[in-house]
Amino acid sequence: GQLELTTAEDFMSDWYSAFLLLRPGFNHQQLANILWGFGKLGIECRPEFMSEWMAGFEKEMLKMNDQELANIIWAFGKLGSRMPPTMVRQWFFSFELRMLSFSSQGLTNVLWALAKMEVQPKESFLIQWYI
């Protein structure tokens with residue numbers, strides 16, 4: 001057979017379709033890695049994807065570890081995107097539950113992402129820097 005190449009746009013269209021179909025089966029690590037990959041590749045998230053991704057995040061956020069939470073906010077910062085206000089609240093809630101387990105690199109990545117998104121960190125986050 002002959003190798004068929006597809007354009008990046010066609011590939012992403014197919015990828016989004018597959019994600020929307022399979023999203024209920026994605027776990028917390030997979031959801032975090034998807035967003036990290038988008039940030040690393042500079043791929044802007046389509047609104048229908050974000051809606052489904054958010055549904056998965058809401059379901060899985062309490063299972064996420066410090067690395068996954070840091071990767072998610074890093075991706076938003078890297079893409080220059082603002083997190084929806086409900087997600088900011090949910091993210092900070094999950095962060096506060098795990099902030100003592102974050103590495104110094106994780107905290108640094110989070111602060112960088114917040115600065116890129118122009119989001120003022122909560123006092124509890126800033127206190128973590130002094131502990």
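## Aromatic pairs

This predicted model holds 16 aromatic pairs. One of them joins W15 and F38, with ring centres 5.3 Å apart. Their planes meet at 55 degrees, so the pair counts as tilted. The cut-off for edge-to-face is over 60 degrees.

W15 sits in helix α1 (residues 8-22), and F38 in helix α2 (residues 28-41). The pair therefore ties together parts that are 23 residues apart in sequence. F38 is buried, at 5%.

## Aromatic cluster

Which residues form one aromatic cluster? The members are W15, Y16, F19, F26, F38 and F49. The tilted pair of W15 and F38 thus has both its residues in this cluster.

## Helix α5

Helix α5 covers residues 85-98, 14 residues in total. At 1.5 Å a residue, the helix should span 20 Å. The end C-alpha atoms are 20 Å apart, so expectation and model agree.

Several α5 residues are buried.

## Backbone at E118

E118 is not a glycine, yet its phi is positive, at about 60 degrees. Where does E118 lie? The residue is in the loop between α6 (104-117) and α7 (123-130). E118 is exposed, with a relative accessible area of 64%.

Definitions and conventions. Residues numbered from 1 in each chain as written. Predicted model: local features only at pLDDT ≥ 70, side-chain atom pairs only at ≥ 80, totals over all residues. Heavy atoms only, no water. Helix = DSSP H or I, 4+ residues; strand = E, 2+ residues; numbered from the N terminus. Buried < 20%, exposed > 50% of the residue type's maximum accessible area, 1.4 Å probe, protein only. Phe/Tyr/Trp six-rings, centres within 6.5 Å; stacked < 30°, edge-to-face > 60°. Expected span 1.5 Å × (residues − 1).
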